[in-house]
Amino acid sequence: MSHPAPYPVRLADEITRQLGQLADHLSQLPTPQAAQVIARVLDPDAGVLGGVTHLVATGSVFAKDQAERGALPAEVWLALGRASNELHDITLDLDEHQDALKHVGTQPTTTAAKPPAPAPLVIRRRR
């Protein structure tokens, strides 16, 4: 007889399912609503990205403790620490764009007489 998954495992599964639903909805939302959702998701203090960053940092602390006990390879702790640092940096980079997202999120859904000129896309590479 199999045991039901403990609550934290079920919670992680439910959050993952809901994130998938949110992504599906996002692709179908009008621009202002999509911008509002993205702004909330990217909010560094109360958003999903900030929450995931905190979760990975907490996982890194757990992995460090387990690596020191010999239960996990040190590489697991190092990988989680690196991921936590990268997510933190990404959160800071994206936080710079909160105002623009919030501005788009407050615009009425009307068709403009003249569409805005597209901006050239720039790819930033890390060294």
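Exposed here means over 50% relative accessible area, buried means under 20%, and partly exposed lies in between. The model is predicted.

**Stop 1: helix α2**

Select residues 31–42, which form helix α2. The helix has 12 residues and reaches 16 Å from its first C-alpha to its last, close to the 16 Å expected at 1.5 Å a residue. Now show the side chains of P32, A34, A35, A39 and L42, which are buried. They cover an arc of only 160 degrees around the axis, so they sit on the same side of α2.

**Stop 2: T91**

Move to helix α4 and pick T91. Is this residue buried or exposed? T91 has 6% relative accessibility and therefore counts as buried. Leaving aside residues up to four places away in sequence, T91 touches P44, L49 and T53. Keep T53 selected: its side chain and that of T91 are joined by a polar contact of 3.4 Å.

**Stop 3: the salt bridges**

How many salt bridges does a search of the whole structure find? The search gives three. Side chains of opposite charge can pair when their charged atoms come close.

Start with E14 and R17, whose closest N and O atoms are 2.4 Å apart in a salt bridge. Both belong to helix α1, and because they are three residues apart there, about one helical turn separates them. E14 is partly exposed, with a relative accessible area of 30%. R17 is partly exposed as well, at 41% relative accessibility.

Next, go to helix α3 and select K64 and E68, which are four residues apart and so separated by about one helical turn. Their side chains meet in a salt bridge of 3.4 Å, N to O. E68 counts as exposed because its relative accessibility is 58%, while K64, at 34%, counts as partly exposed.

Stay in α3 for D65 and R69, again four residues apart, with about one helical turn between them. The closest N and O atoms of this salt bridge are 3.1 Å apart. D65 is partly exposed, with a relative accessible area of 29%. Which class does R69 fall into at 63% relative accessibility? The cut-off for exposed is over 50%, so R69 counts as exposed.

Key: Residues are numbered from 1 along each chain as its sequence is written. This is a predicted model: local features need pLDDT of at least 70, side-chain atom pairs count only at pLDDT 80 or more; totals for chains, interfaces and linings use all residues. Side-chain values use heavy atoms; hydrogens and water are left out. Helices (H or I, at least four residues) and strands (E, at least two) are DSSP runs, numbered from the N terminus. The expected span of a helix is 1.5 Å times one less than its number of residues. Buried means under 20% relative accessible area, exposed over 50%, partly exposed in between (1.4 Å probe, protein chains only). The arc is that of the directions from the helix axis to the C-beta atoms. A polar contact is a pair of N or O atoms within 3.5 Å; within protein, one must be able to donate a hydrogen and the other to accept it, and residues adjacent in sequence count only if both atoms are side-chain atoms. Contact means heavy atoms within 4.5 Å. A salt bridge is a side-chain nitrogen of Lys or Arg within 4 Å of a carboxyl oxygen of Asp or Glu.
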